[in-house]
Amino acid sequence: MMHNDRREFIRKAGIGMLAGMGAASGILTGGGFERTTSAAWAAVPGEHGRRWGMLIDTRRCREGCTLCIESCHHTHNVPAVKSPDETVEWMHKEDGRELLGSLCSSTAALPALCNHCVEPSCARACPTDSIFRRTDGIVAIDYHRCVGCRSCMQSCPYGEVSFNWSDPRASLKNPSLDYPTRQRGVVEKCNFCSDRLVRGKKPSCVEACPEGAISFGNLNDPSSEIRKLLESSETLQRKPELGTRPSVFYII
Amino acid sequence: MIEQALKGHRSYLIWSFALLALAAGAAYASALQSADGFVHTGMGNNAIWGLYHAQLPFLASIAAASLAMLVPGTLQKHSFLAPLAPLAAFLGAIASAMSLLFIAADLGMQRRILTLFLNPSPGAPASWQAPLLLLFLALSLAVGWAQVGAMRKGVKQAVWIRSAVMIAIPAGLALPVISAFRLAVVPGSELWTSALLAPRLMVSGVAASAGMMLLMAVTAEKLAGFKAGEEALERLAAVAAWAGLGSLALTGLEAGTAMLGNVTAKTTALSLLYGNSPFALASWFSLLAGALSTGFLLMPSLRRSSIAAASFGALLALSVWLQSGLTLILAGQLRNGSVAVGYAPALPEILLTTGVWAGAVLIITVLLKITASAQLEREGL
């Protein structure tokens, strides 16, 4: 009798724990894949609310030009750390094949930044909710809440989260007064210029590009310029197979 | 009871002071790190996590596995593991305390450590880790201490111990699951997103903790007169052997599925572990040491000799530490295609890690000493 009770108890404890863990850890998140062809965009069931997105027309992106990156890094006081193992980047240029896989015919260096995923794995990794998805689709970081465990950095499949291994203020030559600086020991990444959006401005990389290669807008609004471009062009996302649903698109 | 910690043979005192010196080294390294951040470590953009995080899955599995010895020893009326129950409780407590220390050491913003407890995000597996570790630490420490006290006084264990153990069961079992889920949130990392990771941690943890307890019990028996009983030791060796076999089987199943299915992502992950990787040597050593020690422990004639059982138990524990501790984290974070830039821990990092381990060994030594003196005192009455 005693024996049966114990076995029963252990079984119930186990089932209860599994159910609790399952519910709590959000294993059951929504579906993953997002087609990016024009036909697929037209067929997307309308999602409500705003989802900021970016479209980079790489045909217009000039070889060797880094104006978008310079503008971004200046606007947000991103430190220019010299040591290659400690660099902090919100935006950078990377080989097209590396970035977009074999579908990309170009091996030119293309701009890359945080994808502001609909299913951000960084947010699922953060123990303190310091990195989170806002209702407008922007994945934001609370620098004052971040404990510096680097779980988000580890879990970003695009490698777009940077950690301040050293004091970032020491590497800032000409700080901008419009955006705070960070401290050593916290992570940072592109914020889709949420600081400029509230002031009615466009993201700084969009403004800085002399070729107008970068478009920005609400992906959920069928009449937005970016949506029209998406529906009329073949576009690629980075690693769509991972089901993170990036909000940054590329025209090759 | 505590006064027994300060008395003892000269060798006991020398051993304790040596461990204390190593722990002091950790304090120094920790101060260095608080002042200058991670610049004194080998971590960087190519090795986001290093030695500190590499201890966490192993320690979580040890904490959970202590339940395998603690539960029969406290909830069952007649168990051959009863004499080892306090030892198991202390092992669980120490593993969770070490985990908390390594979590703290790995934070870039150490002064915000309370955020882990005050502002958790329940949807993220990582946020369950520190609070559950703290709960498990408190429960197992209380249970172990109360049991040694009861043993010394020669009375039955207190009734509340049963309730404490029952709360500790789900908390403890959740620890390796959370450790595995913390890694499972990394998309595209085949070594970490495997569903076998949590069961592997649990089974290998039982093997490693049984191995470590064999080493501890036999050493304490030879040096301090601690009595675990011959039967308890032999059963413990059998537990280590069968759990070791289970762990090897799970490793084999994982590799077999990857290779038979010829799943590129999975075979690439395996080659990062065993093939073209700076960690291949450690992985192969871990596999061979695990197979060897499990094989020997499976032989009844060998495991009846307490010295042989303790040595192979220690080898098994080392193999599991390399597998679910070091190589899992360090090789798992290597990105496919990118140059496998080896991670080499820096001196302060090594000092801190060995210091935390030395502190743990010191506490185990003292606790074993207290337990052995409690036993001797009992017999003297």
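**Exercise 1. Aromatic pairs**

How many aromatic pairs does a search of the whole structure find over all chains?

*Solution.* The search gives 11 aromatic pairs over all chains. Rings of Phe, Tyr and Trp (its six-membered ring) pair if their centres lie within 6.5 Å; planes under 30 degrees apart count as stacked, over 60 as edge-to-face and the rest as tilted.

Step 1. Trp90(A) and Tyr179(A) make an edge-to-face pair, with 6.0 Å from centre to centre and 90° between the planes. This pair links distant parts of the chain, 89 residues apart: Trp90(A) is in the loop between α3 (67-75) and β2 (91-95) of chain A, and Tyr179(A) is in the loop between β6 (162-163) and β7 (187-188) of chain A. Helices (H or I, at least four residues) and strands (E, at least two) are DSSP runs, numbered from the N terminus. Both Trp90(A) and Tyr179(A) are buried. Buried means under 20% relative accessible area, exposed over 50%, and partly exposed in between (1.4 Å probe, protein chains only).

Step 2. The pair of Phe58(B) and Trp357(B) is tilted, because the ring centres are 6.3 Å apart and the planes stand at 40°. Phe58(B) belongs to helix α3 (residues 56-75) of chain B and Trp357(B) to helix α14 (residues 347-380) of chain B, so the pair ties together parts 299 residues apart in sequence. Phe58(B) counts as buried because its relative accessibility is 1%, whereas Trp357(B), at 22%, counts as partly exposed.

Step 3. Ring pairs also join Trp52(A), Phe192(A) and Phe216(A) into a cluster.

Two conventions apply throughout. The model is predicted: local features need pLDDT of at least 70, side-chain atom pairs count only at pLDDT 80 or more, and totals for chains, interfaces and linings use all residues. Residues are numbered from 1 along each chain as its sequence is written, chains are lettered from A and ligands numbered from 1 in the order in which they are written, and side-chain values use heavy atoms, with hydrogens and water left out.

**Exercise 2. Salt bridges**

*Solution.* A salt bridge is a side-chain nitrogen of Lys or Arg within 4 Å of a carboxyl oxygen of Asp or Glu.

Step 1. In the salt bridge of Asp57(A) with Arg59(A), the closest N and O atoms are 3.0 Å apart. Asp57(A) counts as buried because its relative accessibility is 8%, while Arg59(A), at 58%, counts as exposed. A network of salt bridges links Asp57(A), Arg59(A) and Arg60(A).

Step 2. Arg182(A) and Glu188(A) form a salt bridge at 2.7 Å, N to O. Arg182(A) has a relative accessible area of 2% and is therefore buried; Glu188(A), at 0%, is also buried.

Step 3. For Arg199(A) and Asp195(A), the N to O distance in the salt bridge is 3.9 Å. Arg199(A) is partly exposed at 42% relative accessibility, and Asp195(A) is buried at 12%.

**Exercise 3. Charges over rings**

Over the face of which ring does Arg182(A) lie?

*Solution.* A charge sits over a ring if NZ of Lys or CZ of Arg is within 6 Å of the ring centre and within 35 degrees of the ring normal. Arg182(A) lies over the face of Tyr143(A), at 5.4 Å from the ring centre. Arg150(A) lies over the face of Phe163(A), at 5.4 Å from the ring centre.

**Exercise 4. A sheet in chain A**

In what order do the 4 strands of the open sheet in chain A lie?

*Solution.* The order is β8-β1-β10-β9, with mixed pairing. Two strands pair if DSSP finds at least two bridges between them.

Step 1. β8 (214-218) and β9 (235-236) of chain A are at the edges; each has a single partner strand, so one side of each lacks a neighbour in the sheet. Of the 5 residues of β8(A), 5 are buried, so β8(A) is largely enclosed by the rest of the structure.

Step 2. Strands β1 (residues 52-57) and β10 (residues 248-251) of chain A run parallel and are joined by 4 bridges. Met54(A) stands opposite Val248(A) in β10(A).

Step 3. β1(A) pairs with β8(A) in the antiparallel sense over 5 bridges. The bridge partner of Leu55(A) in β8(A) is Ser215(A).
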